[in-house]
Amino acid sequence: MPRSDRPHHAWNRIPRPAFGADYNPEQWSGSTWKDDVRLMGEAGVNLVNLGVFAWSWVEPAPGAFDFSGLDEVIALLHDAGIAVDLATPTAAPPLWFSHAHPESLPVTADGRRLAPGSRQAYCPSSPTYRERAAVVTRRLAERYGDHPAVVMWHINNEYANGNPHCWCDISADAFRRWLRTTYGDDLAALNDRWGSAVWGMRYSDWEQVAPPRPSTSSLSPGLWLDFCRFSDAEHLACFRAERDIVRAHSPGRPVTTNFMTGSLRWSDYWRWAREVDIVSNDHYLSSEDPDRAADLAFAADLTRGLAAGQPWMLMEHSTSAVQWQPRNIAKTPGEMARNTLTHLARGADAALFFQWRQSVYGPEKWHSAMLPHGGEDTRVWREAKALGSTVAALADVAGSTCPRADIALLLDYEAMWALQLPHRPSSDLTYTGVLRDWHRALWELGLSCDLVSGPGEPGEQRLLLVPSLYALSAGTARALEDYAAQGGHLVVGPFSGVADPHDRVHPGPYPGVLRDLLGLRVDEYLPLAAGASVGLDDGSTGLLWAERVLPDPGTEVESRFADGPAPGGPAVLRHGTARYLATRPDSASLLRLLPRWAAAAGCAAPVGGAGRGVEVTRRSAPDGRSWLFAVNHTDQPARVATTGIDVLSGTRSPGVLTIPAGEVAVVAETPQ
C-alpha cells in the first residue's frame, strides 16, 4: 500500500525505541518466568515478541486449548510494564496435526515428502493447514485482541524460509488454479508466454500443467518463473488470511511479519511490504565475512526502502554467535552495540534479539541470547544491559526518518529469479553478487543509498544505479526512459534489458527494450572463462563478462576494452544522462567510477570522515532536529565532521568529533 494508506495509529501503543527479544516461556518453568521478567527490567527490555512457536503449548491436542501458561506470562510482563508483540504460532504446526494430516507436509521437487519434527513443516497450499492455522489464530485474537499488554501482532515467522516451494499434488492443483486465473483461463496464452513450442512441449489441457519437477532435461524458464510467483503468492495468501482474522478481533493494533531482507531469495518483499502495517526484518551476520558490516547496512537500507522511508522494526538479530553457520564465531566486544545502532541509524525504531534466554536443549541451544547459559556474570549479558541503556538514551530520535538519498539502487526480485535459472551465458554472473558489490562500494565511499523497486522523480533521486536487470517489462523500460528524459542520471550494468518477465528474449538486437534508451546495440555477449578478467583503457578491470557493443551516432564511448575478447571495443558508454557498462567492474574500479558518476549527477558529497569502515548516516524530525550517527567499525579512531552534542557521551563537537575505535556516536546536531 502507498505510505499514506498505512494506519496512522501503527506505532501508538508500541514503546519507542523498542528494545527486547523473542521470548519462549514454554521452554521454562513458572519460577523462571518471574526471574526472566525481573532481569528484563534490569536490561531495559520494553517489548517482547511472544509465542512464535507456541502452537503445541496453547493447543496440546486437537481443539483442547490451554491458555493458562500464556495468560500468566502476559500478566507478568504487563505488570512489569513490558509490552507484547503477540505472534500467531503457525510457523510450527504441532506434531498431532502433522501426523493426522500427512498430506499437509511439504514435498520436494523429486517427490520426497518431508517429515514432521521441525518448524515450517507445512505446504502453504494445504487446505487443512490453512483451516487449523485460522482456528488457532482466531482463538488467540479473541482472547488477547484487546489485552492492554498486546500492542501489536506478529503473523507466523520468516515466511518461505524453510519451505519456499512445495511440489505436492495439492500444490500442483493450486498452481493450475493460479495459472488459470493469471492467464484468464486462456491456455493458448500460457503456451505463448512459456514458449511451449520448444521441444514440442505444448499444453492441450490444463491438467497437463505441473510444477517444475525433475525431468530428463531442462524445463521451461517461463514455467519456473510462474511457479516462483505462485509460491510467493501462496505464502502471502496465508499471511493475509491470518492478518485479517487478527484485525477483525484486535482493531487498532498493527500487524506485521518478519522479513529476511539480507537473504534475497524467494519472497518479493516489495509486494509483501504493501500488506503489513509496520515493516519488520530479521538480520543475522555471516560471521566469517570480512564485509559483514557492509552486508548489515545493505539489509537495513533495503528494509528502509520497503518501509517507504518510514521507521521500521528489527525483529531479530543476535547478541553474539548463531548456531547454523559452519563456524559460528562470536561477535567481538562492542560489535553487538555497533550492529544494533547501525540498524537504528538506518531507520529502525525497534531492536529485538533472538532470543531472550539461551535454550538448554534443541537445535538452537548454541544460538546466543541476551541472557546466556552463564547467566548474569557474562560479557554478553553486561553488553546487553549497557545496550539497553544506550537505546533508551535515544528516545528523542524515535519517530524521525532518514533523509532521502541522492543515489538509489534498483532491486527487482523477479529479475533476480530469472537470472539465477540455468542455461544462462555464465553462471558466474549472479544478481545478488553484482548488487551487493555496488552497494558495498557505496558503503566504503560513505555515499548514502536508497534501495528502490523502480525509478522515482529525478529531482529526488539524482542517480539511479541498475547493476543488473536481465528480465524486465516494456513498462519498466518506459519508466526508465521517462526518468532519463527528465534529467535523471542512470547507470545500467551488463546483460540487462534482454528478456521479458516470462524469459522471452525481447525482439530485435540486444539490449532489447533498453536499446533506444542506451543508444547502442550489443552484437554478442562474451562471458569470460573462470578466473579471467579484462582491462579497460581507463585503468579499470572487468570481471566475468564482456560484450561486443556497437554505439549509435551520438553515443559517447567513455572507455574501451584494452584486452580480452573485444579489444578496442566500447566498455563504458554514455547516451545523454544514461550510461551502460559492458562488463562487471571489480571493487577497485567501482570505488573510482561511482564518485565520478555521483558528481556528474550533482549528488551531495559524503560527510567528512565517512567511508572506509566509518558509517555516517542521519535521521531528521519534522521540526528540524537532526541526529548524525557515526559507527566506527575500524581499529583506529575516526574523525567525523559534525557540530553538536553526542547524546551517548555528552561530548560537544565544535566541528569535528573523534570516535574511538569500535565505538558509536549519535550527535544531536546544532542547526547551521
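Analyst: Let's take the features one at a time, bearing in mind that this is a predicted model.

User: Let's begin with strand 8. How many of its residues are buried?

Analyst: For burial, we look at the relative accessible area of each residue, and under 20% counts as buried. Strand 8 covers residues 312–316, and five of its five residues are buried, so by that cut-off the strand is mostly covered.

User: Which way do strand 7 and strand 8 run, and how many bridges join them?

Analyst: Strand 7 (residues 280–282) and strand 8 run parallel, joined by three bridges. To find the pairing on screen, look for D282, which stands opposite E316 in strand 8. Between these two strands, the chain passes through helix 10 (residues 292–306), and this β-α-β crossover is right-handed.

User: What about strand 8 and strand 9: how many bridges join them?

Analyst: Three bridges join strand 8 to strand 9 (residues 348–353), and these strands run parallel. Here a handy pair to display is L314 with its bridge partner A351 in strand 9.

User: Now the backbone. Which peptide bonds are cis?

Analyst: Omega is the angle to check. Q355 sits in the loop between strand 9 and helix 12 (379–392). Another cis bond links Y510 to P511, where omega is near 0°. You will find P511 in the loop that lies between strand 13 (489–492) and helix 16 (515–518).

User: And phi? Which residues other than glycine have a positive value?

Analyst: Two to look at are A308 and D503. A308 is not a glycine, yet its phi is positive, at about 55°. A308 belongs to the loop between helix 10 and strand 8. D503 also has a positive phi, near 70°, and is a residue other than glycine. D503 is placed in the loop between strand 13 and helix 16.

How values were computed: Residues numbered from 1 in each chain as written. Predicted model: local features only at pLDDT ≥ 70, side-chain atom pairs only at ≥ 80, totals over all residues. Heavy atoms only, no water. Buried < 20%, exposed > 50% of the residue type's maximum accessible area, 1.4 Å probe, protein only. Helix = DSSP H or I, 4+ residues; strand = E, 2+ residues; numbered from the N terminus. Pairing = 2+ DSSP bridges. Right-handed = clockwise from strand over helix to strand, strands pointing away.
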